[in-house]
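Colleague: I would like to go through some labels used for this structure. Please set each value against its cut-off.

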Amino acid sequence: LRLALCAGALCAAGGAAFLYHDYCVLGAGPSGLQAAYFLQRAGRDYLVFERSHAPGSFFAIYPRHRKLISINKRYTGKSNGEFNLRHDWNSLLSHDPRLLFRRYSRQFFPHADAMVRYLEDFAALLELRVRYNTAIVHVTLDRDPQAWNGHYFVLTDQNRQNYKCSSLLVATGTWVPNVVNFPGSEYVEGYETVSINPEDFAGQTVLILGRGNSAFETAENILGVTNFVHMVSRSRVRLSWATHYVGDLRAINNGLLDTYQLKSLDGLLEGDLEDLAIVKDKKGKLHITLRFYLENRNTSAGIDSITLPQDELDNFATRAPYDRVIRCLGWKFDFSIYNRSLRMMPGRGNKNKYPQIKPSYESRGTRGLFVLGTASHSVDFRKSAGGFIHGFRYTTRAVHRLLENRHHGVPWPSTVYPITQLTNSIIKRVNEASGLYQMFGVLADIILLRENATAFEYLEEYPVGVLAELEAQTGRSAPDGLFVVIMEYGRNFSGADKDVFYYNRAVGEAQHAWQSNFLHPVIYYYKRLPAEREMRLRPPDWPLPRPHAIHHIVEDFLTDWTAPNAHILPLRRFLENCLSTDLRNFFAESCFLFALTRQKQPPFCQQGYARMQGLVGSERLRRHAVEAGLLEDYAVMDFSGDKLPHSHRGSRDQLLEDHVIPVRPLQHLVNAKDE
């Protein structure tokens, strides 16, 4: 009876009124709306909670200078929508072609207001169920063995209204400013409140704390009017073109690097911010010193009584006083609303701004709590694009598919093909799939072998971090081995100290494909599904455990992996060696010959010719085969009854004489003529 009541809009528990939904989504930003879209398409009971009056409230304020750094490439020369998403970093996934971001902005780096309009239309046109002006201020658990996960999530809003749900999807992003406390930090202005009018900085000397895109964005805005700008951070500058991580410094904001290296007064410094101290003099100027100089000293006595670094080292780098100090240190996740019973803990080290989650995006502390969007970036921090729209739109879809299997018995979507289509299927995906391309090293296509490798089942964009749990997470079985198709950069090609423009940086020969540096497809072959222990003990920086066989498709300048000799042929030979079979396509004449001379025909002949299937012949196709050297021109016939010339003997004799292929090991088959 209780379950029946809770399935409605209202249920009573402990004297308090609860509004119940199967799924509660916190936040109507991009990831929250993306999750809502998939839940709505599946016909699930859900509700999105948004504290603001409209979706995408973060983009109504940030970035402060209103230029996004997510590219909006409107033209690619191709009409394939899936391929075009590789270069559209702002659109969410939907079935509606009106909801492509290129319809909202013509700029390569769009204005942030365009994103606000886009998210408003996404929610409105798709009629997503969002409760606005509802700030969830507390989240706790209600233990119940009959619930999906052994407990319900109880949410309380600012009006003390309670909501109960079986699964909680947290899509609030990271919006709490990172603040470093040190002596004098009260004199620091925050990125979230500092003026964006360059004239307010005219003739001033500015110190910026931080070295991310927000810091350089702020510097870029005031470079032309300040005396000079200094920037200090504990880590060296990391350029996105060197690290291949889109969260590092982008070229659009790096004007200060020019003025620094070309000696135009601006500069970069490295130092731990917690060791700093700021002292304000009588004229309102800010002096940078070190914390230990202030220890056991009476700072109220004035600056004259405080030892500054330049008193001992007269060429101290920051000896000149500053007019303003601006903090641009990014944001972190808001843990304050979660009760201790949920065990929402921050990550370790440089991931402490994100909650701890599993590679499946489920909380490590609470079953049924999933983290989506920017806040889930700990899974691939500084490795892939999971903290950005063009990455988490795919991981959000992956989470939805995991939930569909867990709670509703809907297996992960898949397609079954005959084994003869294996090469074609892989080539098609690596040339157009946007999820593989953007979430390189994180999402992969899984190919499950079926029926003694005479067929295969294709699963798209599965999180490789939970490969060992594939059967439980997807509802699909892997008894006969599998291939994993993933995109990777070269092992030693990404890093802040790497020269990515060195001579001979690209690999062009197929035999050296394993040395490819740029993003390229890699195929792993496993005779059985890897175990959890193998996943934990995989080599450093490997997305997967050591496979039984591995194949790199050589990098391509155009990211077009369709070259017959450089890309397709080596891949086909690799697959044939793994499966001990022949994956070539044959003309009917060759299949007929094999039927007469071999005990076992190639799969293409078994699944096509032997079943009276295959490509219908035509004169044009026959002439093409003759000109390509694939068939002899034996079609010329003498209807007078005279004997045909030697060069035009009967097709059967010609085949038996010139095309008899004795049974021999698989590695020799690749030398035979094939289509």
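Colleague: Why is Asp45 called partly exposed?

Modeller: Buried means under 20% relative accessible area and exposed over 50%, with partly exposed in between (1.4 Å probe, protein chains only). Asp45 has 26% relative accessibility, so Asp45 counts as partly exposed. This is a predicted model, where local features need pLDDT of at least 70 and side-chain atom pairs count only at pLDDT 80 or more, while totals for chains, interfaces and linings use all residues. Residues are numbered from 1 along each chain as its sequence is written, and side-chain values use heavy atoms, with hydrogens and water left out.

Colleague: What makes the approach of the side chains of Asp45 and His21 a polar contact?

Modeller: A polar contact is a pair of N or O atoms within 3.5 Å; within protein, one must be able to donate a hydrogen and the other to accept it, and residues adjacent in sequence count only if both atoms are side-chain atoms. The two side chains make such a contact at 2.9 Å. Along the chain, Asp45 and His21 are 24 residues apart, yet their C-alpha atoms are separated by 5.7 Å. A polar atom of the Asp45 side chain also lies 3.1 Å from the backbone nitrogen of Asp22.
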